[in-house]
Amino acid sequence: MTEQARIRATGPRAQDRPLLQVRGLAKTYGARIGCADVSFDLWPGEVMGIVGESGSGKSTLLNCLAGHLAPDRGEVIFDTRADGPRDTVTMPEPERRMLSRTDWAFVHQNPRDGLRMGVSAGGNVGERLMAVGARHYGDIRATALDWLDRVEIDGGRIDDRPSAFSGGMQQRLQIARNLVTGPRLVFMDEPTGGLDVSVQARLLDLLRGLVRRMGLSAIVVTHDLAVVRLLADRLMVMKSGHVVEQGLTDQVLDDPQHGYTQLLVSSVLQA
Amino acid sequence: MKLMIEVRGLAKSFTLHNQGGAVIEVMRGAELAVRPGECVALVGASGAGKSTLMRMIWGNYLAAAGEIRVGDTDVARAAPRDILALRRETLGYVSQFLRVVPRVPTLDVVAEPLLALGVEDDAARDRAADLLARLNLPERLWSLSPTTFSGGEQQRVNIARGFAREYPALLLDEPTASLDAANRAVVLDLIEEAKARGAAILGIFHDADARAQVCDREIDVTAFAPRAA
């Protein structure tokens, strides 16, 4: 088989419709702007980074997208498996909760916010499976073991509680718990924040591999430009609740157009 | 024959918002074309705009005006998604800098362009191993991250990655700069082979002998400087 033919046979399928379409999204806290007038499309298999300093509205935006916060205005249209594109803002709460257990995943900066610290590692992974209907104990444990292996946690630790894990291991466990149900869209809030640089690199490598193998789309909020350069295909820069610039990641970092982005890029020691 | 890379009326300026909004015009009216099977060298003194032009074709510098056609894509106007597809399928780039996730083994760094296209892991790693062997990178280094390698070793990793996939169009930024004679010869062979299979290549070579050996034409970017216009 020629290289081209092999690529056509095994390569990612061309997708003709965005997985997520965001239109005019806005959220205010009283008179203060959380985020305003945010619009973008995210395509299957794409990773989008959102950068900006603390208070720029990036976490507010992420929480509005993921259904953790109700936006004041705008649409978040997700291409659901069953019914095609649906606005998740106006969708009934039970449906949105179901989405967040199945097709969506949310990786918190602090693993303690995304894990149940009193439950074993295997239980943390198995719980999300049970939430979507898995009942067979042996299957659940086998799947949990498989996922611990994929995130490079020794299977011998399956019955340990996450409180006995290092920060990096807890973060990898949180990722396993989130990805075990095969989501199509992952929201990540500073996934490598608070980790040692060497642990960060390991986690980045892991995330990139998972994104590629599972064909995931992801939205990653971070203030670390080096992380987005390695992880994100596209980049959105936020300041005071507004998107000031967006584009291809290396274009935004190498040839920033907005004064704020220029400041951000030139302030970094080495991105 | 159909052109593979075609640049028309390309202009570039930088606006420095944090330095009083100074606008620096660096290029105007740039024109070039590369046919399949052809290797064209960009020449001109340092600072004349060779790398700037190359980066605009790669898409990490925005064009102020003009067209940049690579295959069927106008990089100057394409959406990020289309440029990503172009880089995955059509356009390769060997830059002077290696930017990788620190922990990833060299073999996987080189195989990545193939893995991104969905080529099987084993086939992709076999191809990566062939190239690394050809470029005389000791096998004991393949399982290590290239971040701690010497300049010449990193460059060979970059070259192997750029040639892992048989791209129809290829940008080469100083591909022989820090290589010894033996490896330089390997790189020139790789370029000749890519030309023979029909790749359109645009390169920057300070090495005049290398340029004379593999390039069919030279384009002096000094002609695209705004003051000359």
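Good morning. A crossing of two helices is called right-handed if the near helix is turned clockwise from the far one by less than a right angle, and left-handed if the turn is anticlockwise. With that term in hand, I shall present this structure, which is a predicted model.

I begin with a pair of helices in chain A. Helix H5, residues 121-131, passes helix H6, residues 137-150, in a right-handed crossing. Two packed helices are described by the angle between their axes and the distance between the axes. For H5(A) and H6(A), the angle is about 120° and the axes are 9 Å apart. Which residues make this contact? From H5(A) come Ala121(A), Gly122(A), Val125(A), Gly126(A), Leu129(A) and Met130(A). H6(A) answers with Ile140(A), Arg141(A), Thr143(A), Ala144(A), Trp147(A) and Leu148(A). Sorted by class, eight of these residues are nonpolar, three are polar and one is charged.

A second pair consists of helix H7, residues 167-179, and helix H8, residues 197-214, both of chain A. Their axes come within 10 Å and cross at roughly 15°. Angles under 35 degrees count as roughly parallel, and H7(A) and H8(A) are therefore roughly parallel to each other. This crossing, too, is right-handed. On the H7(A) side we find Gly168(A), Gln171(A), Arg172(A) and Leu179(A). They meet Val199(A), Arg202(A), Leu203(A), Leu206(A) and Leu210(A) in H8(A). The contact holds five nonpolar, two polar and two charged residues.

Let us turn to the domains. Chain A is divided into domain 1, covering 10-103 and 184-267, and domain 2, covering 116-182. The C-alpha centres of these two domains lie 25 Å apart. Eleven residues of domain 1 and twelve residues of domain 2 take part in the contact between them. Which element gives the most to the domain 1 side? That element is H8(A), with five residues. By class, the domain 1 side has seven nonpolar, two polar and two charged residues.

Finally, I come to the two chains. Here 27 residues of chain A are in contact with 23 residues of chain B. Several elements of chain A give two or more residues to this side, among them helix H1 (3-10), helix H9 (225-231) and strand S10 (242-248). The most comes from H8(A), which gives six residues. The chain A side divides into eight nonpolar, seven polar and twelve charged residues.

To close, I return to H8(A): this helix meets H7(A), gives the most to the domain 1 side that touches domain 2, and gives the most to the chain A side that touches chain B. Thank you.

Terms used: Residues numbered from 1 in each chain as written. Chains lettered and ligands numbered in written order. Predicted model: local features only at pLDDT ≥ 70, side-chain atom pairs only at ≥ 80, totals over all residues. Contact = placed C-beta atoms within 7 Å. Helix = DSSP H or I, 4+ residues; strand = E, 2+ residues; numbered from the N terminus. Nonpolar A, V, L, I, M, F, W, Y, C, P; charged D, E, K, R; others polar. Axes fitted to C-alpha atoms, helices over the stretch in contact; angles between N-to-C directions. Parallel < 35°, antiparallel > 145°, perpendicular 65-115°, else oblique. Domains from an automatic or database assignment.
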